[in-house]
Amino acid sequence: MPAEIAAGASSGPGAPVPEVPVPGSSVPPGSSVPRLSVLGVRHHGPGSARAVRDELNRIRPDLVLVEGPPEADGLVALAADPGMRPPVALLAYVPGEPSRAAFWPFAEFSPEWQAIAYAARAGVEARFCDLPAAHGLALDADPVRRDPIGELARAAGYDDPERWWEDLVEHRGEAGTLDVVAEAMRAVREGHVAEGVEARREAYMRRTLRKAAREGFARIAVVCGAWHLPALSPPALSLPTLSLPALSPPGGRARGSGLPAGSGPDAPDGPRRLPSPAEDDRLLRGLPKVRIEMTWVPWTHGRLAAGAGYGAGVAAPGWYEHLFTAPDRPVERWLARAAAILREEDLPVSSAHVIEAVRLAEGLAALRGRPLAGLSEVTEAVRAVLCGGDELPVELVQRRMVVGERLGRVPDATPMVPLRRDLRDEQRRLRMKPEAMSGEHDLDLRRPLDLGRSRLLHRLALLDVPWGTPRRARSKGTFKESWSLEWRPELDVALVEAAVWGITVEAAATARVRNLAGGAGLPELSALVERCLLAHLPDALPYVLGRIEDRAALDGEVRHLMGALPALVRARRYGDVRGTEGLAGVTESMLARICAGLSPALTGLDEDAARQMAALMDGVHTAAGLMGSGRWLATLTGISGRDDLPGLLDGRIVRILFDAEALGDDVAARMARSMSPGNPPARSAAWMEGFLSGGGLLLVHDPRLLATVDAWLTGLSPEAFVDVLPLLRRTFGAFPAPERRMIGGRVRSGAAPRPGSPGGDEGADYDDGLAAGAVRTVRDILGRGTGGRP
Amino acid sequence: MTSVLRPHAEDQFADELVILAKTDDRPRPPGWRLSPWAVTTYVLGDGGQITPKYIGPRRIVEVAVATLATDRALLLLGVPGTAKTWLSEHLAAAISGDSTLLVQGTAGTAEEAVRYGWNYARLLSEGPSHGALTPSPIMRAMAEGRLARVEELTRMPSDVQDALITVLSEKTLPIPELGEEVQAAKGFNVIATANDRDRGVNDLSSALRRRFNTVVLPVPATTEEEVGIVARRVAQLGRSLELPETVTGLEEIRRVVTVFRELRAGVTSDGRTKVKSPSGTLSTAEAISVVTNGIVLAAHFGDGVLRPADVAGGILGAVVQDPVSDRVVWQEYLETVVRDRDDWRDFYRACRDAG
């Protein structure tokens, strides 16, 4: 096995990774043997990243191979673009099939990113060496994620693999760690035989290596997950020095396998043999393939943390970035930054706090036997010292620092993101052109084409890509929508940013709605339901409804429920799409909760609060009417018996019940009681305002009502009349002028009959027999059945 | 068995402390009987000879011990019944071998309890002298380099709390009458406990708060953990109170714990149904007292087996603290959650009967 050992493979500091010839490469005669350095890393490990950066600067390779899909080779150059800022991700997708896509995220502190950055800096070529995404997506096999780190950590007596790796590698960042990792991985992989996708990936990596060697690169560096390391390079013996002549091929075809003749499986203590090129070719033959496209998309630390379908997700990207970028004293710098963030929120945090926090973190690390305080120690220090045990500020630090809010950027030259491509397809399908000039569009929602257009515009609005703005407030339930469309350049940027949400407009909007629903209160949630229905996102709706259900169960404030209900009911009426069934259940239970909590909520309201409550009650009343629920009126009837209500609300409730013909006792008696001198004039006037608000027309058309009001007004004493006059004026002033004129005309003509003779003079001209048919039809339309007054 | 109702921690677990001291070869901070590592083991147990005293997250104990090792004072915060006092007693016992230097914070705690008082007979006859001085537990702890404990710190009046500031920052207690001071010996520190719910009663001044590292003791994380705690404590209490033997099914304890946990968290254990939370704390300590109470009922008035009826009354009393709103919460819980559980029939009936 001596042929494999390069001269420089000593274990001194700064010279850790042994260089070996590329396995299985056949080198054109006369050219020098290419040198191979395989750097086994942990994906997104800052210590690995630092080690890789230093190591690459030391060995100065002329080719860098990175674990990733080779289809992206053409995109590597973009990484050097000043407009590119990590975190970003490589995206491979099958055009037209949104569910088949794969991401390879890179952060500043990813070793892979550092390798790419090195290549850009040094002006050498960088390539990806993993199995092509075309095969990966076609195989559609969930890559089996091994946990070699976990196995090692357990062997070392750690229950948390991340912490073990941090203690051993990330916190040291010394040269030499890569070597240790390589050795450890060999031990872990002892006896392991790669199968399935894994075997193919590694075969492809070896093939890429051989190809690179044939092309005449002299020093090749491979940056890949530590697990793959033993599959790419045969183990190095720890012989410190070896003379170069021993590197010459033992002869014959031995160079073809890259392994000396004696090291087959039959060699007594020989290392595991690497597969020959022929074996690799056999493995890779006949793999299924799909047409894919690749691009860069911006990524966020949040998605990096969540993993978001990516196996090697990291829990604390912000902490890792800090470890990677902080020049020295990571614990002190971190805690000082945390203190600065807490101070921004006006929490009193002094330098003395920071000093004590550092001491606690270090004491804790010593107690736990760790070389350096890690994230968990630092977080404990933040909690116990900086935040005084309070969880809320700790969460703030967690969100702002540990995960971080960094959003990546990709340069303009990046190939089109799939979201934009999907939008282009949609635009073509719906025959809408993105034009910079603003244009007006009237959509008739009964036509499928216009309906599609409307949905697209609503979805884009959810994604913060406001291509269209609704021209005027539309009344819900109509079939006309009016939009003004204008494609501005910012929208392209917005679209790229929205690409993190998904690959198609629909999928992205659905993901976005779920995200919005996460932190929203009741009013926002109910507005979201409407937007979901308008944008036709049936997959997002159940989630939002579930959130509403939870919120409504816990919200003790009836007003919130009342504010949320009308939008939900409108939505229920508007849509006949899937998911409306759930909506019905939610609205019913919300109305039940409102009815249960309404009565206590009407106590102790001042004038403004009463006015708000009256508006809310009107909204719920309309909604309850649409729902056809009798519960609401029954509740109001119950409440109307109370005598401690604010005048405005009392009047409003009586009026609602009067309109609905559900008032238990005589409205004239109620009015006389409320207007009688026993009440303060202000309450009487407020009562009248509540009673008459929003509809002067009824006064015109219901002579009984007019007579009641008229009788009360003319019966006032001159002093009392002067007292209530301003308040009355406020009520009547709110009616439109024609209504006022008509009311005035009625009163002047003396047409108003005295109370007690309902019907009035108009009744005289009717022939009930002639009118009966028309009345019945009208009543049918109104859904009131045929009983009751004709 | 001793005639003492409740022996001190350092007496009750003296043998464990001896074992640890013998095997402990790690460096000990000055004035400590054990190394921080051994203190942690004493509190959390090692699965063998050392029994666990506190059942909860390891990190809580580690932060607490590390805090005391950095000479910062420790403030244990938590809702009632989260073993704050329990933990502080055991920490003091393990570190100083003495958990008796205790100041109980009440609305009537005077400054003498924190600084020093006088024996007035001798003060009148001798004038200010060492003999006439009555040291407070804090002063003794300073002189001897031990841990002092302050219970319910936020119940003390603010001016008494502030007497601690000099002690904690300067580590000295001046006695102007004698023209002297007591300087804290190495190993002195203070463990204070305070109740989360009482925040704002006599909230700590920021000057004092700054001198404490705060550790919040959580309620138990899982049902199994809490059932374990309740079962263990109920058995211990039963022994020390010499209650008659009863058959205490783990099933009944689990039920009490489940009810408490669900109401506390506001969601059923299967995560399906949201429920309202009552105003009471429903701590583990209350669950323990409900079960102990039930055992007494079963032993003296029942058939010696702990049955749903024995705990129903206790649960009702613990849940319904506010007669109006809590009763609604309880009824809602009973009708929407308890009623639908098939194997909870007896319990449902018992609760209905209890009111």
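S10(A) and strand S11 (residues 480-485) of chain A pair antiparallel over three bridges. This is a predicted model, where local features need pLDDT of at least 70, side-chain atom pairs count only at pLDDT 80 or more, and totals for chains, interfaces and linings use all residues. Residues are numbered from 1 along each chain as its sequence is written, and chains are lettered from A and ligands numbered from 1 in the order in which they are written. Helices (H or I, at least four residues) and strands (E, at least two) are DSSP runs, numbered from the N terminus. Two strands pair if DSSP finds at least two bridges between them.

Back to that pair. Gly468(A) sits opposite Leu485(A) in S11(A). The sheet is open, has three strands and runs in the order S9-S11-S10 (chain A), with antiparallel pairing. Strand S9 (439-444) and strand S10 (468-470) of chain A are at the edges; each has a single partner strand, so one side of each has no neighbour in the sheet. From one strand to the next, the twist averages 35°. Helix H18 (residues 448-462) of chain A packs on this sheet and touches S9, S10 and S11 of chain A. Contact here means C-beta atoms, placed from the backbone, within 7 Å. The direction of H18 makes about 120° with that of S9(A). Axes are lines fitted to C-alpha atoms, for helices over the stretch in contact, and angles run from 0 to 180 degrees between N-to-C directions.

Most residues other than glycine have a negative phi, and most peptide bonds are trans. Arg329(A) is not a glycine, yet has a positive phi of about 45°. Its place is the loop between helix H12 (317-325) and helix H13 (330-344) of chain A. Ala83(B) also has a positive phi, near 70°.

Buried or exposed: which is Ala83(B)? Ala83(B) counts as buried, with 24 C-beta neighbours inside 10 Å. Arg329(A) has 11 and counts as exposed. The cut-offs within 10 Å are 20 or more other C-beta atoms for buried, 12 or fewer for exposed, and partly exposed in between, with C-beta atoms placed from the backbone.

The peptide bond from Pro86(A) to Pro87(A) is cis, omega near 5°. Pro87(A) lies in the loop between strand S3 (63-66) and strand S4 (88-94) of chain A.

Last, the chain contact. Chain B gives 20 residues, chain A 18. On the side of chain B that touches chain A, H4(B) gives the most, with seven residues.

Note on methods: Contact = placed C-beta atoms within 7 Å.
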